[in-house]
Amino acid sequence: MPWKLIEVKGSISIEGIEETLLGGQSFCWRSCGENTWTGVISRSVVDLKWCDGKLYWCKQYGAPITKKKLTQYLWLDNSYLKAVDDLPWRSDVVLGRAIKQFRGLRLLRQPIEEVLMVFLLSSAKSIPQINQLRINIHRLIGEDLGGGNHAFPGWNKLSQLSEQDARKLGMGYRAKYLVGTAQFLKDRLGWLNEVKESPYEEAKIRLMELPGVGPKVADCVLLFGGGKTEAFPIDTWILQSLEKQYGFKGWKVSQLQEFAHIHFGRHAGLAQQFLFSFQRKNKRF
DNA sequence: AACCAGGATAGCA
DNA sequence: TGCTATCCTGGT
């Protein structure tokens, strides 16, 4: 299948696209050559290619996907530019630098049920480790899409796993999170979507009813899968950024949350991605 | 050979 | 509310 050009509003750098796909908000993408990546979107396996500042795509396996859906998933429309412009980059030099270095870095619009699963497994794990756990699950019970790619199995299938099964896949103490959440969700198919439609504050509280979901994981799920761009997950990288770049040493998480809300505004989560990437790339600072 | 990692939870003050 | 130990596993 030939490469097709996909329109991107605004410029996009190689670091921007790479961080978007591999930076840890999603675990569905992998590098498959020079400036090319393979990823699974729902039941479609898609290749992306970055060349001379332009983005190309083609479908590899699985269900068909439209350009419209891809544009939506990758947040390529104008609303992204407005969101970035809404951030306080004019007065915040730290954020300004991060936006410049990772130009075009986006939040992916992923299915909330998939995001929930991977972030249930994320506690005290590195990105490659989380990805490995995800692959173990997908290979075991996810639909085979071809080319070694598997779809997300869905919470109904996940609810058939026992804690022992999950532990065999290497999840350790996270196994009971996965099983507990699966049991909670299996008889309430609409629950997650209801939560998604709720306002941010309410959605966060409700998500934390699930076993294994605390404040950080809830914010990740809402930011990456719930379309809540005001969610501002505070992990160790952001903590470092706020301590070292902004000078908030010894602040409590609740205080930092409040600062983020006031300072970064309604798209605080987008700022979070820039700061996160910047901090991770420049560990020494 | 200890110690830590993209956290959550229970127990206690 | 704030603090701490504990939870699996793999990596350094």
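Okay, quick housekeeping. Because the model is predicted, local features need pLDDT of at least 70 and side-chain atom pairs count only at pLDDT 80 or more, while totals for chains, interfaces and linings use all residues. Residues are numbered from 1 along each chain as its sequence is written, chains are lettered from A and ligands numbered from 1 in the order in which they are written, and side-chain values use heavy atoms, with hydrogens and water left out.

Let's start with the strands. Two strands pair if DSSP finds at least two bridges between them.

Carry on along the chain. E4, residues 44–51, is joined to E5 by eight bridges, again antiparallel. Here Asp 47 has Cys 58 as its bridge partner in E5. This is another hairpin with two residues between the strands, and Asp 52 in its turn has a positive phi of about 55 degrees. E4 is mostly covered, with six of its eight residues buried; buried means under 20% relative accessible area, exposed over 50%, partly exposed in between, with a 1.4 Å probe and protein chains only.

E5, residues 54–62, also runs antiparallel to E1, residues 4–6, with three bridges joining them.

Now, a residue I'd like you to click on: Trp 57, in strand E5. Which residues are its bridge partners? Lys 4 pairs with Trp 57, and so does Leu 48. Is Trp 57 buried or exposed? Its relative accessibility is 4%, so Trp 57 counts as buried. Setting aside neighbours within four places in sequence, its contacts (heavy atoms within 4.5 Å) include Pro 2, Trp 3, Val 46, Ile 65 and Leu 70. Lys 67 is also in contact with Trp 57; the two are 10 residues apart along the chain, with 8.9 Å between their C-alpha atoms.

Last topic: empty space. Rolling a probe the size of a water molecule over the atoms shows where space is left. On a 1 Å grid over the protein atoms alone, a cavity is a set of points where a 1.4 Å probe fits but cannot get out; a pocket is an open set with protein on both sides within 12 Å along at least five of seven lines; lining residues have an atom within 4 Å of a point. Grid points are joined across faces, edges and corners, and volume is the space filled by probe spheres set on the points.

How many cavities of 30 Å³ or more are there? Two, by this rule. The largest has about 70 Å³ of space, and its lining includes Phe 27, Cys 28, Arg 134, His 138 and Phe 152. H5 and H6 are the elements that give two or more residues to that lining, and H5 gives the most, with four. The second largest cavity has a volume of about 30 Å³, with Ile 12, Thr 20, Leu 55 and Arg 106 among its lining residues.

The largest pocket comes in at about 430 Å³. Of its 24 lining residues, Lys 125, Lys 216, Asp 235, Trp 237 and Phe 276 lie nearest its centre. H6, H12 (215–225), H13 (236–244) and H15 (268–281) each supply at least two lining residues, and the largest share, four, comes from H15.

That's my tour, thanks.
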